[in-house]
Every structure is written in structure tokens, then in C-alpha cells.
Amino acid sequence: MARRAVGGTDGVGGARVKSARRPEVRLPPLEPYGGGGLEPDGDYDGLEFVAADLAGQDGRGARFMDCALTGCALDETRLHHARVLDSVLTGIRGVGTDLAESTLRDVELVDARLGGTQMHGAVLERVLIRGGKIDYLNLRTARLKDVVFQGCVLVEPDFGGARLERVEFLDCELKGVDLNAATLKDVDLRGAASLEIARGVDRLAGAVISPTQLLDLAGVLAAELGIRVEG
């Protein structure tokens with residue numbers, strides 16, 4: 001089971017932002033996954049999945065509790081409405097994984113290699129995403145609370161209409177971020193290694209950025225405000 005870490009506050013230049021609470025997952029002794037394929041509404045409790053090929057399988061509505069998934073393939077795996085709780089996912093890979101409207105709570109996602117992952121309408125609470133690269137992550141209308149992105153690369157992540165509360169980006173590369181219609185509260189972007197916002201720069205209210213990031217975003221902000229900058 002996960003032990004909840006307690007968040008605090010941080011401030012630079014008078015700006016104060018509440019820190020995200022990180023998951024601290026302590027797994028019990030695990031039983032090896034016996035194979036046989038995922039099942040819709042399946043119940044997977046205390047299992048260890050090692051290099052399992054779950055590509056194309058249907059686990060809609062399944063529950064994963066106190067599980068470890070290591071080096072598993074999730075290409076086109078259907079996990080719509082799944083619940084992943086108190087679990088660690090390491091080195092998973094896949095294109096087109098469907099996690100729409102899923103719930104991730106007290107989860108560590110480490111060194112993932114994912115592309116086109118569908119997580120629209122999902123709920124993420126106390127989640128650490130560390131390392132790896134995720135291309136075209138769809139988090140439209142999702143709810144993120146106490147989520148930390150650390151040392152990862154996010155290419156064109158879509159947060160359109162999402163709600164982000166106590167979310168931190170540390171040593172991340174953020175490329176082509178879409179924040180259209182998103183709501184941000186206590187979102188800390190200061191630690192991002194690079195920050196490129198394609199849409200929704202006007203939604204940065206509720207976020208904290210560094211002075212350097214402000215300069216980098218000056219052109220985008222000027223365009224949003226209709227300001228002409230001429231030499």
C-alpha cells in the first residue's frame with residue numbers, strides 16, 4: 001500500500017505554490033502473473049507482470065491493486081475505465097494505449113516509452129512520472145492532482161480542458177504543450193528544462209514560471225495579447 005507524502009509550500013520572488021504530494025508505494029510480496037490475457041473488469045491484486053505482452057488485449061474496467069508491471073508491451077491495449085492503484089509501472093512501452101477515463105492513484109510510472117496514449121477524462125492523483133518519453137499524450141478534460149513529472153520528455157501533450165492542481169514539472173522537456181481551456185492551480189513550471197507552449201498560453205494563470213521562462217515565452221505572450229514587437 002502507498003504511504004502518502006505530505007506536501008508543503010515553496011516560494012520564489014514572493015510567489016508561493018503548494019507542492020505536490022508524491023506517492024510512496026510499498027508493494028507487498030507479489031505473485032507472478034500467470035498469463036492468460038487481460039479480461040474486461042478483471043481484478044488483478046498483488047501481481048507482478050514481467051515482460052508481459054499485453055498488446056491488443058481488452059482490460060476495460062479492470063482493477064490493478066498493489067501490482068508491478070515491468071517491461072510490459074501495451075500497444076493498443078484497451079484499459080478504458082481501468083483503475084491502477086498503489087502500483088509501480090517500470091519500462092512499459094506501447095503505442096495507442098487506451099486509458100481514457102481511467103483512474104491512477106498512488107502510482108509510479110518510471111522510464112515509460114509511450115506514444116499516442118489516450119487518457120482523456122482520466123483522474124490522476126498522487127502520481128509520479130519519472131524518466132522516459134511520452135509522445136502525443138492526450139489528457140483532455142483529465143483531472144490531475146498531486147502529480148509530478150520528473151526528468152521526462154513530453155512531446156505535444158494535450159491538456160485541453162484539463163484541471164491541474166498541485167502539479168510539478170522537474171527537469172522535463174515540454175514540447176508543443178496545449179493548454180487550451182485548461183485550469184491551473186498551484187502548477188510549478190519553474191523546474192522544467194524547456195517549456196514550449198503551442199496553445200493556451202492565456203491559461204497560465206495559476207502557474208508559476210521562472211524569469212527566464214517568461215523571457216522565452218515573451219513572443220507567444222505578445223502574440224496572444226495582440227502586441228506588435230518591432231525593432
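This is a predicted model: local features need pLDDT of at least 70, side-chain atom pairs count only at pLDDT 80 or more; totals for chains, interfaces and linings use all residues.
Histidine 81 sits in the loop between β9 (68–70) and β10 (83–90). Its backbone deserves a look. Histidine 81 is not a glycine, yet its phi is positive, at about 65°. Most residues other than glycine have a negative phi.

Tyrosine 136 is not a glycine either, and its phi is positive at about 55°. With 48% relative accessibility, tyrosine 136 counts as partly exposed.

Now step into strand β13 (residues 123–135). Of its 13 residues, 10 are buried, so the strand is largely enclosed by the rest of the structure. Which strands pair with β13? Strand β12 (residues 103–115) runs parallel to β13, and 11 bridges join the two. Here threonine 103 faces valine 123 of β13. Strand β14 is also parallel to β13, through seven bridges. In this pairing, glutamate 125 stands opposite lysine 145 of β14. Strand β15 (residues 153–155) is parallel to β13 too, with three bridges. There, isoleucine 134 has leucine 154 as its bridge partner.

Arginine 105 is partly exposed, at a relative accessible area of 30%.

Strand β14 (residues 143–150) holds lysine 145. This lysine is partly exposed, at 32% relative accessibility. On the surface, Lys145 gathers with Lys18, Arg163 and Lys185 in a patch of positive charge.

How many salt bridges are found in the whole structure? The search finds 15. One of them joins aspartate 146 to arginine 21, whose closest N and O atoms are 3.3 Å apart. Aspartate 146 lies in strand β14, and arginine 21 in the loop between β3 (15–18) and β4 (23–25), so this pair ties together parts 125 residues apart in sequence.

Another salt bridge pairs lysine 175 with glutamate 173, at 3.6 Å between the closest N and O atoms. Lysine 175 is partly exposed at 35% relative accessibility. Glutamate 173 is partly exposed as well, at 32%. Elsewhere, salt bridges with shared partners join Arg21, Asp146, Glu165 and Arg166 into one network.

Arginine 190 comes next. It is in the loop between β18 (183–188) and β19 (194–199). Arginine 190 is buried because its relative accessible area is 16%, which is under the 20% limit. Arginine 190 and phenylalanine 169 are 21 residues apart in sequence, and their C-alpha atoms are 7.4 Å apart in space.

End at the segment after α2 (218–225), where valine 229 is found. Valine 229 is exposed, because its relative accessible area is 71%. Together, Leu225, Ile227 and Val229 make a nonpolar surface patch of about 350 Å².

Technical notes. Residues are numbered from 1 along each chain as its sequence is written. Side-chain values use heavy atoms; hydrogens and water are left out. Patches are made of residues with over 30% relative accessible area and no salt bridge: like charges are joined within 9 Å, nonpolar side chains (Val, Leu, Ile, Met, Phe, Trp, Tyr) within 5 Å. Accessible areas come from the Shrake-Rupley method with a 1.4 Å probe; for residues, only the protein chains shown count as cover. A salt bridge is a side-chain nitrogen of Lys or Arg within 4 Å of a carboxyl oxygen of Asp or Glu. Helices (H or I, at least four residues) and strands (E, at least two) are DSSP runs, numbered from the N terminus. Buried means under 20% relative accessible area, exposed over 50%, partly exposed in between (1.4 Å probe, protein chains only). Lys and Arg count as positive and Asp and Glu as negative; His and the chain ends are not counted. The place of a charge is taken as NZ of Lys, CZ of Arg, CG of Asp or CD of Glu. Two strands pair if DSSP finds at least two bridges between them.
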